[in-house]
Amino acid sequence: MRAFFVAGALACACPAAAQQRVVPDVDYLPAADHAGGKDRLDIYVPDAAKRAPVIFSIHGGALSRGDRKEEVFVGRRFAVAGYVAVIP
């Protein structure tokens, strides 16, 4: 049921004027240095966020395939909907 709700939230028409900020390239493994910055994440925050729920979206790839830059639309959609989105 929750997966259906999340899919519905992503599919909604989101207003383009909604304000959000992105905190890019947060190093979550300071002792490691993975090629291509795979040890970093981006955080999408709605401007009016206070105690907003957080969604941690994992694209997969085991630090070897895929890239968080391919998931920008996920972070933006959730932030517009009022969630803080963390995209590693």
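Predicted model: local features only at pLDDT ≥ 70, side-chain atom pairs only at ≥ 80, totals over all residues.

**The largest nonpolar core**

Mentor: Seven residues make up the largest nonpolar core here: Tyr 44, Val 74, Phe 78, Ala 79, Tyr 83, Ala 85 and Ile 87. Two elements each give two or more residues to this core, helix H2 (72–80) and strand S4 (84–87). Helix H2 gives the most, with three residues. As a general point, nonpolar side chains tend to be buried together in soluble globular proteins.

Now pick out Tyr 44. Leaving out residues up to four places away in sequence, Tyr 44 touches Gln 20, Arg 21, Val 22, Val 72, Gly 75, Arg 76, Ala 79, Tyr 83, Val 84, Ala 85 and Ile 87. Among those partners, Ala 79, Tyr 83, Ala 85 and Ile 87 are also core members.

Next, go to Gln 19, in the loop between helix H1 (2–11) and strand S1 (20–27). Gln 19 counts as exposed because its relative accessible area is 54%, and the cut-off for exposed is over 50%. Beyond its neighbours within four places in sequence, Gln 19 is in contact with Pro 46 and Asp 47.

Mean pLDDT is highest for S4, at 96, and lowest for H1, at 44. Over residues 1–17 pLDDT stays under 50, and the model has 10 contacts beyond four places in sequence for that stretch. For the chain, the average pLDDT is 79, with 74% of the residues scoring at least 70.

Methods
Residues numbered from 1 in each chain as written. Heavy atoms only, no water. Core = buried A, V, L, I, M, F, W, Y, C linked by side-chain atoms within 4.5 Å. Buried < 20%, exposed > 50% of the residue type's maximum accessible area, 1.4 Å probe, protein only. Helix = DSSP H or I, 4+ residues; strand = E, 2+ residues; numbered from the N terminus. Contact = heavy atoms within 4.5 Å. pLDDT = per-residue confidence, 0-100.
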